Amino acid sequence: MERQSKPAAMEVEPASKPKFRIPVDSDNQATEFWLFSFVRPHMSAFHLSWFSFFCCFVSTFAAPPLLPLIRDTVNLTAKDIGNAGIASVSGAVFARLAMGTACDLAGPRLASAAIILLTTPAVYCSAIITTPTAFLLVRFFTGFSLASFVSTQFWMSSMFSPPKVGLANGVAGGWGNLGGGAVQLLMPLVYGAVKKMGSTPSTAWRIAFFIPGVMQTFSAIAVLVFGQDMPDGNYRKLHKTGDMHKDSFANVLRHAVTNYRAWILALTYGYCFGVELAVDNIVAQYFYDRFDVNLHTAGYIAASFGMANIISRPGGGLMSDWLSDRFGMRGRLWGLWIVQTVGGVLCVVLGLVDYSFAASVAVMLLFSFFVQAACGLTFGIVPFVSRRSLGLISGMTGGGGNVGAVLTQVIFFRGAKYKTETGIVYMGIMIIACTLPLTLIYFPQWGGMFVGPKPGATAEEYYSQEWTEQERQKGYNASTVRFAENSVREGGPRSASGSQSRHTVPVDASPANV
């Protein structure tokens, strides 16, 4: 007698285990943001990116808090200091463009680790400088490390879904920028500790530079060991298996430079992040010289400007997502224009209240919140400009920040042409003027600040224009199609109502806890 097989209906298939512990959309991008989790690959990428960028910021701005000491030891003039400040942010202009391209072609993990390791020797060399030229060179090459910001924003834009990308970019960028404030406290404290051990002042400040050097070295190693490029794996593996199209530099470059929205965002970012960099370079010395406070007090005041990033830039990113939820892309654009313009007005006021120490500190804190929140709002928009050239456009925007910093320092804070307080007033006027071009940004599928969307235009059509018919037939644009589906709410509440992407994995499909 033959053994009868069990009916198919009686068979119980084991429930498939979720691939990720965090809820994801159809492109495996996280739809939730678990701030205090290290779950791989999404949240581990978040923590690696912000911390490595934080270390680079510490290294780049390790010199300003100790400038009164370095100035006396190396015999720096006001012009030497101004030139070095310009050098510290100018090199990163091209480095950020290169970093964006590297992220598009090789992935954020290798690109980030490479730039951090390549610039680390310059940090250690800061301890052995003896001439103004050497001081300028170490600041120039150390500043290249700020290009890691681009990999940070690219990484977050690849790991988190459209409804959370503003928050993820804002927190990662803001906590990284926090290094600009933390170093204002760190370097004087390290200097004081080394000096108490018996070192002379000229030796103590040199030894202090080993701390940012070590931090930067270990952050690069951590990115290499624990990082992952995309939710589904590293670029090398995805290219090998055919899950990701290996793009060419020419295509990435063409679609970036021909997108006018990228150029406008590069300009406006030059007068939020660029201003932040300029202030990081001048604020400690300004309060030290103008109000005759001691080095530690000047450091604490300068630190408060950078430390505001712990809430200001993430707040800008969160605001961008909130405005998108209610008004779509048009809300993101209006939010950026309003916040950055208010920041410009506060910058003008800061320069005008130079007669009062208390008023200067209070206005500076308000100014820091608005100018840094504008940075978070900017990168709530950048991920939607292009998907094929996301890295390079992030690099163009980030590079615009450095160009703004260079121009601002060259025009207003180099040499003795303007008093520092006068330069601050003019800088505020530049912020207001350079924010106006935001009114020209228009997405056919979502609209702009003053004009609604084009009838019948879709996000899928917008992103598919970056691919040829042949490439679309081969499925190279599959990820951009999924991104378009998951970006539906950028059209505003009417577009989003009842049209959640059918591919989105619901929250209860993944564990709620790490």
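Is Arg482 buried, exposed or partly exposed? Arg482 is partly exposed, with a relative accessible area of 29%; the classes are buried under 20%, exposed over 50% and partly exposed in between, for a 1.4 Å probe and protein chains only. The model is predicted, with local features requiring pLDDT of at least 70 and side-chain atom pairs pLDDT 80 or more, while totals for chains, interfaces and linings use all residues. Residues are numbered from 1 along each chain as its sequence is written, and side-chain values use heavy atoms, leaving out hydrogens and water.

**Salt bridges**

- The structure holds nine salt bridges, each defined as a side-chain nitrogen of Lys or Arg within 4 Å of a carboxyl oxygen of Asp or Glu.
- One of them joins Asp27 to Arg482, with 2.8 Å between the closest N and O atoms.
- Because Asp27 lies in the segment before α1 (42–60) and Arg482 in helix α22 (residues 478–486), this pair ties together parts that are 455 residues apart in sequence.
- Helices here are DSSP runs of H or I with at least four residues, and strands are runs of E with at least two, numbered from the N terminus.
- Asp27 counts as buried, at 15% relative accessibility.
- A salt bridge also connects the side chains of Asp321 and Arg332, at 3.2 Å from N to O.
- That pair links distant parts of the chain, 11 residues apart, with Asp321 in helix α15 and Arg332 in helix α16 (residues 329–352).
- Asp321 and Arg332 are both buried.
- Within helix α21 (residues 469–473), Arg472 and Glu469 are three residues apart, about one turn of the helix, and their side chains form a salt bridge of 2.8 Å, N to O.
- Arg472 is partly exposed at 30% relative accessibility, and Glu469 is partly exposed at 46%.
- Salt bridges with shared partners join Asp321, Arg332 and Glu490 into one network.

**Helix packing and burial**

- Helix α7 (residues 162–196) packs with helix α15 (residues 312–327) at about 170°, their axes being 7 Å apart; axes are lines fitted to C-alpha atoms over the stretch in contact, and angles run from 0 to 180 degrees between N-to-C directions.
- This angle makes α7 roughly antiparallel to α15, where under 35 degrees counts as roughly parallel, over 145 as roughly antiparallel, 65 to 115 as roughly perpendicular and the rest as oblique.
- Contacts (heavy atoms within 4.5 Å) bring residues of α7, including Pro162, Leu167 and Trp175, to residues of α15, among them Arg313, Leu318 and Asp321.
- Helix α12 (residues 260–270) is mostly covered, with eight of its 11 residues buried; among them are Arg261, Ile264, Leu265 and Tyr269.

**Surface features**

- Leu110, Leu117, Val214, Phe218, Ile221, Leu224, Val225 and Phe226 make a nonpolar surface patch of about 720 Å².
- The elements that give two or more residues to this patch are α4 (108–125) and α9 (210–226), and α9 gives the most, with six residues.
- Patches are made of residues with over 30% relative accessible area and no salt bridge, joining like charges within 9 Å and nonpolar side chains (Val, Leu, Ile, Met, Phe, Trp, Tyr) within 5 Å.
- Accessible areas come from the Shrake-Rupley method with a 1.4 Å probe, and for residues only the protein chains shown count as cover.
- Ile221 lies in α9 and is partly exposed, with a relative accessible area of 41%.
- Pro455 is placed in the loop between β2 (447–448) and α20 (459–464) and counts as exposed at 78% relative accessibility.
- The C-alpha atoms of Pro455 and Gly143 are separated by 46 Å, and the two residues are 312 residues apart along the chain.
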